[in-house]
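Subject: Structure for your review

Dear colleague,

I am passing on the structure we spoke about, and I would be glad if you could look it over alongside the notes that follow.

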Amino acid sequence: MDVNEVLLPGVGLRYEFTTQAGERIGVVARRTGEFEVVGYLGGDRDEGRPLFRLNEEEAEALAQILGAPRIAERFADLTREVPGLSSEPVRVAPGSPYVDRPLGHTRARTRTGASVVAIVRGADVIASPGPDQVLRAADVLVVVGTREGIDGVKRIIRD
Amino acid sequence: MHVSIALLLELGLILAVLSVVGSLARRVALSPVPLYLLAGLALGQGGVLPVPAAEQFVQAGASIGIVLLLLALGLEFSIAEFTTSMRHHLPSAGVDLLVNAVPGVVAGWLLGLDGVGVLALAGATYISSSGIIARLLGDLRRLGNRETPSVLSVLVLEDFLMAAYLPVLAVLASGGTWWQATTGALVAVGAVLAAFAASSRWGHHIGRLVEHPDNEQLMLRMLGLTMVVAALAELVRASAAVGAFLVGLALTGQTAERARAVIAPLRDLFAAVFFVAIGLSVAPAALVPVLPAALALAVATGLTKMFTGRYAASRDGVGRRGRLRAGAALIARGEFSLVIVGLAGTQLPVLAPLVTAYVFVLAVSGPLITRLTGTRPAQRPSDQLQGT
């Protein structure tokens with residue numbers, strides 16, 4: 001599935017995708033942390049019909065319901081087979097210093113030994129991201145490593 | 001400490017009036033800016049309510065208002081957004097500049113303004129109000145529309161051009177030569193680029209200068225740094241506004257986000273004071289003779305903005321109605337047209353009343369036209385059911 005990312009200068013970002021049933025959906029992520037979900041229906045494909053508005057907390061809840069944990073779960077299944085190895089999702093808060101900076105700047109693997117094996121961004125999953133991959137607010141990093149390693153990554157991303 | 005009863009009373013009354021007109025404007029989903037201007041006109045000498053004691057405070061507050069408006073603009077700015085806008089909409093920005101500044105030049109020439117006046121008027125007709133428009137698109141829930149990125153890109157590029165334009169204007173208005181003005185502009189553009197480079201490379205270190213977990217500390221540091229840089233910029237005649245803009249640009253990431261939140265109420269207060277000051281500086285009697293010119297200019301530059309918006313949206317492959325919506329959205333002029341008047345000097349004849357009337361017309365009609373243009377035709381209820 002292709003998710004189209006459109007920059008809204010001064011306002012935030014818009015993600016657009018078409019569902020299998022042919023419905024086009026847009027999600028406006030505002031800088032203020034609010035989200036707006038619109039549908040493109042009917043004749044004018046340029047005009048979004050507002051469906052609902054979510055504040056930061058509501059959006060978080062919806063995201064939890066919809067996706068991020070399930071992807072992390074799949075990795076958890078994988079790591080269960082190797083003793084001592086675990087996996088956990090680490091969310092990049094909007095206030096994190098690494099927002100809009102490359103993953104490589106965190107030097108997470110060098111400092112903690114844990115690896116970021118995927119980035120969940122909205123509906124997209126970036127598998128095995130390179131050091132040049134730029135992190136965005138609300139990304140969820142899927143981290144694989146030892147317990148201590150994962151906690152280290154959490155600390156790095158947080159402050 | 002001596003308390004001036006007259007000052008407190010007059011300020012209180014002014015703020016009360018602003019709050020009433022502001023909430024009225026919001027109720028009908030309009031920008032309060034034109035009503036603040038009107039309030040300024042109604043107050044003061046020759047108006048309904050003279051406020052001699054508060055005038056001094058309003059004048060001082062107005063310059064702080066300009067500084068905070070530009071600081072907030074700089075804080076909003078992100079390099080990624082700017083480069084993306086440049087890539088897609090550089091031709092739109094060219095069209096925008098050409099078709100919207102030229103009517104200002106022509107009008108200024110016809111009205112017999114001097115060089116500074118013509119330049120100021122061109123700027124005032126060129127710059128759309130990013131404040132009014134971004135808020136309007138959110139309120140009308142058009143952020144999901146395909147034409148919206150085109151509109152916002154044009155606004156970002158306009159705002160950026162202000163960084164080069166304002167110092168030129170400031171130098172010329174203070175009696176400098178064209179040569180000094182060009183130097184001033186070059187210094188300002190160089191400083192903007194340096195601020196960009198610094199913020200992308202060492203943004204966190206610059207942030208550390210003002211960063212503090214306590215909001216009060218953050219505010220004091222932000223304001224202190226901004227005012228000092230603004231004063232230094234004014235000293236080298238590059239305009240305090242540009243100095244403040246630079247401080248905003250140099251701060252990025254979390255610091256910028258928190259700074260925006262902390263500055264917002266102060267900016268709202270002092271920007272309102274600034275709009276009132278512009279209204280105060282215009283004698284209601286001076287407004288009448290410039291009304292026809294202001295109206296004609298408003299109609300002409302309303303149409304040219306329509307054209308700009310349609311062109312920008314067509315570059316993004318937007319359909320006919322979306323192009324109309326984009327054009328209508330760009331019509332509103334507001335805070336920066338007034339900042340330009342503030343810099344060019346409110347004492348210039350004709351210019352201040354002309355731009356005040358002009359902004360008033362377009363800040364009211366722009367959002368109204370936007371609201372009515374290119375919306376979905378009225379639907380039958382059955383469509384609605386099927387649609388969702």
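Which residue follows α6(B), and is its phi positive or negative? It is B:Arg141, and its phi is positive, near 55°. Please keep in mind, here and throughout, that this is a predicted model.

Helix α6 of chain B runs over residues 130-139 and is mostly covered, with seven of its 10 residues counted as buried. The buried positions in α6(B) are B:Ser130, B:Gly131, B:Ile132, B:Ile133 and B:Ala134, together with B:Leu136 and B:Leu137. Among the elements that cover these buried residues are α2 (33-42), α7 (148-173), α13 (320-329), α14 (335-344) and α15 (351-372), which belong to chain B as well.

Turning to chain B as a whole, its secondary structure consists of 16 helices and zero strands. The C-alpha trace of chain B spans about 70 × 55 × 45 Å along its principal axes. Its radius of gyration is 21 Å, which agrees with the value near 21 Å that a compact globule would have with 388 residues. Of the 388 residues in chain B, 54% are buried, and if one takes the contacts in this chain with a separation of 6 or more, 78% of them are accounted for by residues 24 or more positions apart.

As for where the two chains meet, 23 residues of chain A are in contact with 29 residues of chain B. On the side of chain A that touches chain B, at least two residues each are supplied by β1 (4-8), β3 (24-30), β4 (35-40) and β5 (49-54), and the largest share, three residues, comes from β1(A). By residue class, that side of chain A divides into 11 nonpolar, five polar and seven charged residues.

One further position in chain A may interest you, namely A:Val142, which is found in strand β9 (residues 140-145). A:Val142 counts as buried because it has 24 C-beta neighbours inside 10 Å, where the cut-off for a buried residue is 20 or more. Although A:Val142 and A:Val116 are 26 residues apart in sequence, they are 5.7 Å apart in space, taken from C-alpha to C-alpha.

With best regards

Definitions and conventions: Residues numbered from 1 in each chain as written. Chains lettered and ligands numbered in written order. Predicted model: local features only at pLDDT ≥ 70, side-chain atom pairs only at ≥ 80, totals over all residues. Helix = DSSP H or I, 4+ residues; strand = E, 2+ residues; numbered from the N terminus. Rg over C-alpha atoms; globule rule 2.2 N^0.38 Å. Buried ≥ 20, exposed ≤ 12 C-beta atoms within 10 Å, placed from the backbone. Contact = placed C-beta atoms within 7 Å. Nonpolar A, V, L, I, M, F, W, Y, C, P; charged D, E, K, R; others polar.
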